[in-house]
Amino acid sequence: MGEMTNQIVVAGGSLAGHSAVAELIGLVPDADIVWVTGERHRAYSKPALSKEFMQARNEIAELMLPGIECDLDRLRIVSRSCASLDSQAQAVELDDGERVAFDQLLIATGARARMPGILQGVRGVFPLRTLDDAVAIRESLAGKPKVVVIGGGLIGCEIAASMRTLGLEVTLIEQLDSLLDRPFGGAFGSYFLDLHRDNGVKLIMGGKVDRLTVDNGRVAGVELADGSRIGAQLVVVGAGSEPCTQWLDGSGLDVENGVVCDAYLATSRRGIFAAGDVARWTNPVYGIQMRVEHWTNASAQGRAAARNMAAAFSDRQELLKPFADVPYFWSDQYGQKIQMVGWHQGHDHVDLDRSGDAPGPLARFYRDGRLVAAAGINVPRIVMKLRRQIEEEARTLQAA
Amino acid sequence: MKIIVDRQRCDGNGVCMGIAPEVFDVDDDLYLHIAENIPEDPELRARVRQSITSCPILALKLVED
Ligand SMILES: Cc1cc2nc3c(=O)[nH]c(=O)nc-3n(C[C@H](O)[C@H](O)[C@H](O)COP(=O)(O)OP(=O)(O)OC[C@H]3O[C@@H](n4cnc5c(N)ncnc54)[C@H](O)[C@@H]3O)c2cc1C
Ligand code: SF4
């Protein structure tokens, strides 16, 4: 616009922040970018932390996202965290007290592991969200510990699979009666139970953790509500995650289980956008609000938000585009490739297909007769075809 | 345009195929096939580049633009 340089702040040093910064460098050559990472590491890839990295099949250097090439005068990378946001004055305050003004802000502060109070503060008990968590868990494997995994969601199941692959004794405790219930909408219930049992995981279903037993400050076991006790030298907790929005308290931004955005990833305040695990946006494919906590979403949203930000201040309307996307994620357990596309929440019908020549089971989720999601095991081509079908049906619906 | 994949690393998760199915195809043995000739279409090529940066295992490399 005018002679003054525009300043963009990107908060969050992981995938969504990284892909936004990389895109902004190319799109707005005349802006200064301050990237507040909240990290002492360079941006890295998280999916391997519970899989290849946990099994020592790759090392830290192989997790690092590509470096961002640009003129260093234009990009300032700050290894601090944002402590608060003043959306009126358009400035963020960092945890060392520095105030950084912005014309535009991208909130990409992701999510953090939820750690129930009874599991905190004991040595040998870890969440798994960051590289440091993964390194700490790996370091504690040397003594061949007995492992207890708390939680049968994606992280818990992947950890259990990695620990079994390493030959360790593993007990997994889940309070529901099925594994991976939320991510896969209850489909494949018995498949996952069999998969983990056949690979030697001791499953405790419907189990409720009451407390830890501690010996000299170190974990010695887990006690369940029914009085039973399981010995363990290592406990890994997969109790879900929560969006990192505490620093937005009092900012006036609309925050409700994530930062609320419109279809353009714009928040309730002008110039402020959000992307990745922290963003709850209106997905035009489904016409509803959702917060997606998966890899491809964070990478694509980071880029999409960057384009919409560039459009807003350089008057390049051709860049402006709603973020319409069919969510996608995969999981890898014992070499089985488990994939899910779409949004199954609110489905009213599931078609389970175990027959045919397909090498693995396949589930199709419908709502009001419309295909909304699909999941499959070792059938990547079919799953990806269904992803395109969901996309096309949505386009037809919107056009109608 | 030429792309190579590090076979030791690619785990067949299909992220690249989701973005540019015209070029990347993971078969049911989780083996990734990459098209030999990639059309000059700029929109497609932008998606191919996006696939490369989106691979969570960082297994794809652009060796010729
Ligand atoms: C162990 C593990 C395995 C996974 N496996 C898969 C998988 O197989 N498939 C899949 O699709 N997805 C997977 N995911 C999910 C995927 O990694 C996430 O969706 C992705 O990392 C989200 O990126 P993000 O940038 O939005 O947020 P995050 O990765 O959560 O990063 C948030 C960033 O914000 C920073 N930050 C936080 N607070 C502040 C603050 N106040 N100020 C400044 N910076 C701040 C943090 O330091 C961090 O850099 C996995 C995640 C984990 C943890
Ligand atoms: S995204 Fe990467 S790991 Fe996944 S199939 Fe493609 S090349 Fe392989």
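## Domains and overall form

Domain bounds, as used here, come from an automatic or database domain assignment, and on that basis chain A is divided into domain 1 (7-112 + 242-319), domain 2 (115-239) and domain 3 (335-399). The structure is a predicted model, and every value below is computed from it.

Chain A has 6 helices and 26 strands. Its radius of gyration is 22 Å, close to the 21 Å that the globule rule gives for 400 residues, so chain A is as compact as a globular protein of that length. Taken along the principal axes, the box filled by the C-alpha atoms of chain A is roughly 70 × 55 × 35 Å.

## Chain B

In chain B there are 2 helices and 4 strands, and read from the N terminus these elements run β-α-β-β-α-β. Along the principal axes, the C-alpha atoms of chain B fill a box of roughly 30 × 20 × 20 Å.

## The interface between domains 1 and 2 of chain A

Within chain A, the C-alpha centres of domain 1 and domain 2 lie 31 Å apart, and 20 residues of domain 1 are in contact with 17 residues of domain 2. Between them, these two domains of chain A bury about 1,600 Å², with 60% of that area on carbon and sulfur atoms. On the domain 1 side, S50(A), M54(A) and Q55(A) lose the most area to domain 2, together accounting for 38% of what that side buries.

The polar part of this interface can be described by its pairs. Across the boundary of domain 1 and domain 2 of chain A there are 4 salt bridges, and 12 residue pairs are in polar contact, with both residues at pLDDT 80 or more. The residues of domain 1 that touch domain 2 divide into 9 nonpolar, 5 polar and 6 charged.

## The interface between chains A and B

Between the two chains, 26 residues of chain A are in contact with 22 residues of chain B, and the area buried between chain A and chain B is about 1,900 Å², of which carbon and sulfur atoms give 55%. The count of residue pairs in polar contact between the chains, both at pLDDT 80 or more, is 9. On the chain A side, α5 (295-314), β22 (328-333), β23 (336-342) and α6 (380-399) each supply at least two of the residues that touch chain B. The largest share of that side, 5 residues, comes from α6(A), and the residues of chain A that touch chain B divide into 12 nonpolar, 6 polar and 8 charged.

There are 3 salt bridges between chain A and chain B. In a salt bridge formed by D25(B) with R381(A), the closest N and O atoms are 2.5 Å apart.

## Salt bridges in the model

Over all chains, the count comes to 24 salt bridges. Among the pairs in chain A, the side chains of E98(A) and R76(A) meet in a salt bridge with an N to O distance of 3.0 Å. This pair links distant parts of the chain, since E98(A) lies in the loop between β5 (91-94) and β6 (99-101) of chain A and R76(A) in strand β3 (residues 75-78) of chain A, 22 residues apart. Another salt bridge joins the side chains of D277(A) and R129(A), at 2.9 Å from N to O.

Note on methods:
Residues numbered from 1 in each chain as written. Chains lettered and ligands numbered in written order. Heavy atoms only, no water. Contact = heavy atoms within 4.5 Å. Buried area = accessible area lost by both parts, 1.4 Å probe. Polar contact = N/O pair within 3.5 Å; in protein donor to acceptor, adjacent residues only side chain to side chain. Nonpolar A, V, L, I, M, F, W, Y, C, P; charged D, E, K, R; others polar. Rg over C-alpha atoms; globule rule 2.2 N^0.38 Å.
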